[in-house]
Structure formats: structure tokens, C-alpha cells
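User: I am new to this structure and would like a guided look at it. Could we begin once it is on display?
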Amino acid sequence: MARIDLVDLAHSYGGNDAPQDSFALKPVTMTWRQGGAYALLGPSGCGKTTLLNVISGIITPSRGKILFDGEDITPLSTQKRNIAQVFQFPVIYDTMTVGQNLAFPLKNRGVPKAEIDKRVAEIGRLLDLEPYLNRKATRLTADAKQKISLGRGLVRSDVAAVLFDEPLTVIDPELKWQLRSKLKALHRELDLTMIYVTHDQTEALTFADTVVVMHDGRVVQSGTPAELFDKPAHTFVGYFIGSPGMNIIPAEVRGREAKVGDHVIALNRSYDKLPDGAKIEIGVRPEFVEVVAPAPGLLSAKIERVDDLGRIRFARARLGDAKLAARAPAGFTSPDGTAGLKFDPSHVHVYADSLLVEGAA
Amino acid sequence: MDKTVNQKAWFLVLPVFLVVAFSAVLPLMTVVNYSMQDTFGNNQFFWNGVGWFKELLDPSTDLGGRFLASLGRNLFFSLVILAIEVPLGIVVALSMPRQGWTVAACLVILALPLLIPWNVVGTIWQIFGRPDIGLLGYVLNHIGIDYNYVSNEIDAWVTVIVMDVWHWTSLVALLCYAGLKSIPEAYYQAAQIDGASRWAVFKAIQLPKMNRVLLIAVLLRFMDSFMIYTEPFVVTGGGPGNSTTFVSIELVKIALGQFDLGKAAALSLVYNLIILIVCWIFYTVMTNASAERKPQEGAA
């Protein structure tokens with residue numbers, strides 16, 4: 001049980017002297033609350049596994065510190081940190097039974113046998129592995145094996161955090177839901193800090209109460225799923241989360257107006273102090289743009305196609321060189337392939353060099 | 001269903017039939033034929049029935065005594081080299097580097113003894129061990145160890161065993177190394193997190209993951225050492241006395257030395273049968289082991 005603080009933590013596989021652009025994990029300072037359910041979300045190669053391995057001690061960071069409850073544990077080996085980790089592919093000790101697998105971490109730490117038996121029985125019950133405790137672990141299905149990997153972490157009563165490295169990759173889709181709800185239930189029951197690495201936004205958003213989005217070795221935003229959706233702090237978060245992702249359109253912003261081409265879009269807030277020379281864009285989620293019949297005063301776009309997702313339809317439109325998606329209301333048709341775009345001003349955000357700019361009220 | 005009757009198809013099978021007949025069936029039958037007869041040279045043969053086989057299994061006869069003694073020596077030899085080469089091979093494989101240019105260097109060095117023709121290996125050790133001009137023999141005698149593989153039985157055995165270990169441990173090591181390389185990194189990381197000691201990692205991960213290649217290594221080394229001929233023949237010629245005469249050496253002595261074709265044929269049939277049985281046992285164990293693994297691979 002612990003709060004985890006990362007202080008100016010960074011890692012480069014090329015060593016500390018490598019140029020900072022090449023760092024797999026760029027300097028980050030953040031706090032993981034005790035008992036929080038976190039998801040570390042990002043595309044492949046964004047550094048999320050590196051960050052996880054740094055926390056668990058498999059990788060020693062090139063710089064910075066990791067604190068567990070304020071205590072610096074950076075130099076400690078993996079064995080000495082109270083961390084449990086579940087890997088992408090189930091790790092099972094072939095020759096052992098399920099029970100022996102669960103007992104392994106305790107045996108290695110010299111826990112008395114009576115205590116081991118008690119803990120194994122307890123965790124077996126918690127993970128619904130009781131009927132298999134005396135069976136060879138190799139014969140079980142992938143999801144049972146993942147539960148055993150998790151169980152090996154949970155048997156240790158002193159475990160500070162459980163780290164998951166895309167643990168559902170090899171699990172059948174139907175069982176994924178079950179296992180994920182099991183994880184949520186365990187999280188509520190055990191009050192453990194859980195950090196869950198994934199590139200699947202659905203997994204991240206359903207599992208976590210705080211989602212940490214990483215991009216190119218950097219933590220670009222950390223917040224609740226709703227925050228990530230409503231107010232992406234970075235254009236990357238905008239289009240990585242949500243399906244389809246956020247529309248990012250180059251624009252000229254002055255005061256309460258954004259100029260796209262010759263057209264002016266009203267903004268809810270005033271942006272007077274934009275950094276000079278920065279690349280200015282506006283971002284708006286497709287849910288808050290509506291395609292309507294072309295009319296004067298509306299930005300007009302070419303409709304390329306309309307995707308019907310069942311409960312909602314999205315029009316794929318072209319605006320000059322920019323592509324964008326917009327909600328198509330029921331009954332919308334566009335005989336000549338053009339349409340007007342109606343923006344919801346309260347959901348139009350302004351980005352300078354990809355970073356969100358807070359406007360003045 | 002009606003099948004077209006076309007006797008011409010036999011002609012298509014004929015080449016294979018002939019090749020197999022000349023390469024396997026006829027020679028084997030010749031041996032079976034010889035094993036039932038006695039010869040005094042001059043192509044004169046006399047029917048002996050199962051007489052030679054009875055003698056082979058009876059230690060009180062000359063043939064049986066020689067066969068059983070050499071068989072015992074051979075089994076002992078195989079057990080000793082297995083007991084040394086398998087653990088040593090594992091240790092070598094475990095201490096090999098996992099990456100970098102040193103991997104290639106280690107592999108080449110390990111492969112070297114395997115590439116040397118067997119009689120050359122024998123010659124190398126024959127000279128290496130000589131007390132007068134051999135580096136090993138000279139040095140040993142010089143520092144006060146009385147070593148002479150030509151006259152001392154134990155010295156001869158030690159030489160033959162060390163030579164085999166030198167020649168073949170690489171094979172076990174290379175097989176084990178391949179087995180170790182196939183273990184995903186996550187296993188080691190998980191073991192680290194589980195607080196496993198070096199020994200626990202070996203017992204819980206490395207040894208179980210290696211057991212299939214180890215089985216192959218044991219099979220190959222057992223068969224090879226059980227059929228060994230060239231190297232001990234070159235080094236000791238089966239001596240001193242008969243102390244390093246293994247089954248194959250005994251066989252050649254009887255067949256080519258004494259020209260007792262009947263006895264030699266009976267001996268080689270029994271020799272062959274033993275090898276087949278051992279092969280079959282290993283094969284059964286191996287297929288059972290992989291059958292046990294199947295469901296796991298299917299699930300993962």
C-alpha cells in the first residue's frame with residue numbers, strides 16, 4: 001500500500017547522454033494515489049511499458065527518482081520493491097500446481113508454511129481458482145493462467161501496487177469482459193494501487209478512474225475519462241481518444257473568433273494572448289459538429305461519405321485540405337455532396353503547437 | 001468403390017523396392033543367415049541354428065563372456081559420460097552470454113570439436129596423452145603423476161572419457177543454449193518480481209523449459225556413446241588388455257580379426273536390437289512428454 005511519486009523520471013535505452021529527443025521516457029513528474037485505478041494509455045512504442053518497467057524495477061531509470069510513500073526506492077532491486085506485475089503473456093511455472101505457483105513468491109521470501117497455506121487459500125478463493133489449486137497449471141486456459149500470474153502478485157500481503165502490461169492481449173474477447181470486471185472488483189475489495197498499460201482506449205476508459213495518456217515518451221494528459229473526452233490537453237489525446245477522434249483544423253484565432261479559410265466560427269471564450277509564431281489549430285469532437293443543409297453563414301464542406309454506426313451517423317467531410325467528421329442528424333441527405341457545418345461553440349478548443357490554450361471567460 | 005485395376009503401377013514401386021532391398025533387406029538377411037551358421041573359411045558353412053545366440057547370453061562361453069563384458073563396459077562408459085556431459089553442458093549453456101558479439105564467438109568455439117572427424121579426435125588425444133611427446137602426458141608425468149594410458153587401465157579409461165567429454169559436451173551445451181534462448185524475457189522478469197533466487201529460477205523456469213532438448217541430448221549422447229568405435233580404437237585400441245574394448249570394438253575383432261562371421265553376425269543382431277529398444281523407449285518418453293504439453297500450447 002503506497003503512494004507512488006515519480007520525480008523528474010526519465011529513461012533512455014541509449015544512456016543518459018543521449019539526446020533528449022531519443023529518450024524512450026521523457027522527464028515526468030507525477031503522483032499515483034494510493035488505491036487508485038490507473039490506465040496508462042498510448043500507441044505502441046510511446047514508452048508506457050518502459051514507464052511500467054521502471055516502476056517495477058526491471059529497468060533502472062537513467063535519471064530521476066521513484067518514491068513509495070515518500071521513500072526513495074530507485075536503487076532497490078525488483079525483488080526488494082513490493083510490486084506485483086502481470087505480463088502480456090501468462091507466466092506460469094510449468095512444473096508446479098496452481099497452488100504451488102501461488103505459493104512461489106512467499107516461499108522465496110521465507111514465509112512460514114502455515115501462513116503460506118492460509119494466503120494461498122485466500123487468494124485462490126478471491127480469484128475463483130479454488131477448484132484448480134491442486135492441478136498442474138500448464139493445463140489451464142489462458143485466462144486462468146493470467147489469474148494465476150495476478151494471484152502470485154496478490155498473495156504478498158505487503159504488495160504496494162499491481163502493474164498490468166496489456167494483460168488481456170491473449171484472452172478471448174468474451175472472457176476479456178469477465179476478467180476486466182474481476183479486476184475492478186478486486187480493486188474495490190483490496191484497496192490496491194493498480195496501473196494498467198494498454199493501447200486499447202475502451203479497456204483503459206472502462207478500467208481506470210484516472211487515465212494517463214502517453215505520446216512519444218511524454219505523459220500528455222492525465223485525468224478522468226470524462227476530462228479526456230471533454231477537454232483534451234493535447235491534440236494527440238483528442239484524436240487518440242474517441243471514435244472517430246477529434247477534428248483538428250488549422251485556423252486563425254483572434255479574440256472570440258476562429259477563422260477557417262474565409263469563414264468565422266464563434267468561440268465561447270476569448271483568446272487574446274496566443275503565443276507568437278505557434279501553430280494554431282482548433283479542435284472539436286465530431287459529436288459537437290453537425291452537418292446540415294448548406295446555408296449562407298455556415299461553413300460549407302464536401303461530404304465524402306456517411307458512416308452509419310447504428311445509434312449514430314457520422315459524415316466524413318472535406319474542408320479544403322482538412323478532413324473532418326461530423327454528426328449527421330437523422331434524415332440528413334446531401335444530394336449535391338455539399339453541406340453546411342454547425343459548431344457547438346462551447347466544445348470548440350484552441351490549440352497552440354498542439355497544446356490546449358485556456359481562454360478567458 | 002471400384003478401383004481401376006492397373007498392374008503397371010507395380011513398375012512405379014519397383015525402383016524403391018529394389019533400392020530398399022539392396023540397401024537394407026538383403027544385407028540384413030545376409031547377417032541373419034550368417035548368424036545361424038559357422039564357417040571355417042573357404043566359403044564353407046555349417047548350420048548352427050540358434051547356437052551363437054545361446055552362447056552370447058551365456059557368460060561361461062568365450063563369446064558370451066566377451067560380449068557381456070564389453071556390453072557392461074559400454075553401458076558404464078555411456079552412464080559416466082552422460083553423468084558428466086549433461087550437467088556440464090547445462091552449466092556451459094547457462095554461463096554463455098545472451099547477446100553481443102561474444103555469442104557468435106562462443107558458438108564457434110563450442111562447435112569446433114564437433115566439426116573434427118572422429119579418427120582425428122582420436123589421433124589428437126593419442127598424441128596429446130603420450131608421456132614422451134604429448135603435452136598432457138609429458139606435463140602430468142613431469143609434475144609427478146604417473147600417467148600412461150597404454151599400460152594403466154584407469155589412465156586409459158580416464159583418457160577415453162575425457163576425450164569424449166571434450167568432443168561432445170558442446171553438443172549438449174548448444175542444445176541447452178537453444179532451449180534457454182527460447183524462454184521469453186517475461187519469465188525472468190516475473191521470477192524477479194516473485195523474489196526467486198538464482199537457483200529457484202533454474203529449477204522453476206530454466207530446467208523445465210529445457211527438458212525437451214535435454215531429452216534429445218541424452219538420447220543422442222547415449223546412442224553415440226553406445227556405438228562408439230573410432231576414438232577409443234585409435235587411442236587405446238581397446239587396451240590395455242581388454243579394459244577399453246567396447247561392444248563395437250569386440251565386434252570388429254570377431255568379424256575381421258578372427259573372421260568368425262557367424263558369431264559376429266549374431267552379436268551384431270543383438271547389438272542392433274538393444275539399440276532399437278533403447279531408441280523406442282526414448283521415443284515413447286519423448287512423445288508422451290510432448291503430448292502432455294499440447295493442451296498448454298493450444299491454450300496459449
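User: What should I know about the model and the numbering?
Analyst: This is a predicted model, in which local features need pLDDT of at least 70 and side-chain atom pairs count only at pLDDT 80 or more, while totals for chains, interfaces and linings use all residues; side-chain values use heavy atoms, with hydrogens and water left out. Residues are numbered from 1 along each chain as its sequence is written, and chains are lettered from A and ligands numbered from 1 in the order in which they are written.

User: How many cavities of 30 Å³ or more are there?
Analyst: The count comes to two. A cavity here is a set of points on a 1 Å grid over the protein atoms alone where a 1.4 Å probe fits but cannot get out, and lining residues have an atom within 4 Å of a point. Grid points are joined across faces, edges and corners, and a volume is the space filled by probe spheres set on the points.

User: What lines the largest cavity?
Analyst: The largest cavity holds about 80 Å³ of space. Its lining includes Val86(A), Gln146(A), Lys147(A), Phe164(A) and Leu183(A). α4 (142-154) and α5 (173-190) of chain A each give two or more residues to this lining, and α4(A) gives the most, with three. Helices (H or I, at least four residues) and strands (E, at least two) are DSSP runs, numbered from the N terminus.

User: Switching to sheets: in what order do the four strands of the open sheet run?
Analyst: The order is β2-β1-β4-β5 in chain A, with antiparallel pairing; two strands pair if DSSP finds at least two bridges between them. β2 (25-32) and β5 (71-72) of chain A are the edge strands, each pairing on one side only. Helix α1 (residues 48-56) of chain A packs on the sheet, touching β1, β2 and β4 (63-68) of chain A. Contact means heavy atoms within 4.5 Å.

User: How many bridges join β1(A) and β2(A)?
Analyst: Strand β1 (residues 4-11) of chain A pairs with β2(A) over five bridges. Leu9(A) has Val28(A) as its bridge partner in β2(A).

User: Which strands does β16(A) pair with?
Analyst: β16 (residues 299-308) of chain A joins β19 (residues 338-343) of chain A through four bridges, running antiparallel. It also pairs in the antiparallel sense with β17 (residues 313-319) of chain A, over six bridges. In the hairpin of β16(A) and β17(A), with four residues between the strands, Gly310(A) takes a positive phi near 95°.

User: Last topic: where is Asp209(A) found?
Analyst: Asp209(A) is in the loop between α6 (201-207) and β9 (210-215) of chain A. Leaving aside neighbours within four places in sequence, its contacts include Arg33(A), His187(A) and Pro225(A).

How values were computed:
On a 1 Å grid over the protein atoms alone, a cavity is a set of points where a 1.4 Å probe fits but cannot get out, and a pocket is an open set with protein on both sides within 12 Å along at least five of seven lines; lining residues have an atom within 4 Å of a point. Axes are lines fitted to C-alpha atoms, for helices over the stretch in contact, and angles run from 0 to 180 degrees between N-to-C directions.
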